[in-house]
Amino acid sequence: MSALLNWHRVRELLRKEFRQMFRDPRARRLLFVAPIVQLIIFGYAVNTDVRNARLMVLDRDNSAQSRALVDAMTSSGYFVVAAHAERTSELVRALDHGDALATLEIPRKFAADLSAGRPTSVQFLVDGTTANTANVLLGYAGRIISQWGAAHSSGRGPGSGGTASGRAPPGNVAGSASPTRPGVDFRARAWYNPGLVSRVYNVPAVIGTIVLMMTLLLTSLAVVRERELGTLEQLMVSPLKPLELVIGKTVPPVFVAFVDLILVTVISLLWFHIPFRGSALFLPAASLVFILSGLGVGLFISTISATQQEAFMSMFFFFLPAILLSGFLFPIANMPESLQYLTYLNPLRYFLEIVRGVFLRGAGWQILWPQVLVLFLIGVGVLGAATQRFRKTAR
């Protein structure tokens, strides 16, 4: 190994790279403060939960039971009554003009049908302009109404001497049949994230995207900057070998990415209170493998780019599809089959599985070793291709 590398030259090159990286105070803020700011912003912005959705109500029955159902909707915290309507046309107008996200219409004889044990129904309409919000609101309303109906039929609702609680936490649904005849007691529970809080699921993924962005940004501009400044030719005619130059250009970004990983992980635990159930040793080890794969991609981009602007655009050409094909925003199972095969080449996909498994499920080597192995193979392959490309460029 000493015949291939001169560690004295590598050490001097690393010293030069670290000095150049941390010389500018603005660069230090960009490297270590910007990821924290991004995590906080994305942690709040990437949130699919819906709270205090505007609800317009048309209560044609105006009974104790109908008012109790409306109270159940609002006491959950997911809905707030924006207005009461007198006619169905007002509900349609409210949805058309965006005055309400959802409407609830309770028919006449609602209480009488409940008391007589006859089937009855309510109409819940939702603005489907934003499909994700519509699906979330439909899920909330379905759980609240079904829980209220189960409580009423089991003798805990209004008019039966009990009280109906409208709060229906996502993922916890309980239904009961009439007490006079056998029924099915259905209970559903979401493991690892009982409240189905989207922030608990999304913040660990944000950590992966930030680390990938920093590794791509630092490495893809490393060689191109030397070429633009005219110092790359000086490095080429120096005794430095291509492998030594690759090591000198990749080790500082590894250090910065690893420090950023620690910072954003601590912030996610202390600021967002994300549960961490896994091993504090396994996550850094798996993250190091992921960082190496990102460095390989960034170094390859730097070898095919002539200017920093070209490298920056090429980086985002890879970065944005990597996010879309990682399962961060959209489930991979919902993608076309051809794109699902393409996700197998995406290192971010495997790291999101690792970081979510470590944070939420407490998974370790026994479960996540296939993802770590694939990340290692991707990293070795991309780094090898980037090094070979760099050698051809050097010649």
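In what sense do β3 and strand β4 (residues 123-126) pair, and over how many bridges? They pair in the antiparallel sense, over four bridges. Strands pair if DSSP finds at least two bridges between them, and strands here are DSSP runs (E, at least two residues), while helices are runs of H or I with at least four residues, numbered from the N terminus.

This is a predicted model, in which local features need pLDDT of at least 70 and side-chain atom pairs count only at pLDDT 80 or more, while totals for chains, interfaces and linings use all residues. Residues are numbered from 1 along each chain as its sequence is written, and side-chain values use heavy atoms, with hydrogens and water left out.

Strand β3 (residues 102-106) also has strand β1 (residues 53-59) as a parallel partner, joined by five bridges. Leucine 104 of β3 stands opposite valine 57, and its bridge partner in β4 is phenylalanine 124.

| Partner of β3 | Sense | Bridges |
|---|---|---|
| β1 (residues 53-59) | parallel | five bridges |
| β4 (residues 123-126) | antiparallel | four bridges |

Five of the five residues of β3 are buried (under 20% relative accessible area; exposed is over 50%, partly exposed in between; 1.4 Å probe, protein chains only). Ala102, Leu104 and Ile106 point one way, and Thr103 and Glu105 the other. In a regular strand the side chains alternate between the two faces of the sheet.

Serine 305 lies in the loop between α12 (282-304) and α13 (308-324). Serine 305 counts as buried because its relative accessibility is 3%. Its side chain reaches the backbone oxygen of isoleucine 301 at 2.8 Å.

Tryptophan 365 belongs to helix α16 (residues 365-394) and is partly exposed, with a relative accessible area of 47%.

Methods. Polar contact = N/O pair within 3.5 Å; in protein donor to acceptor, adjacent residues only side chain to side chain.
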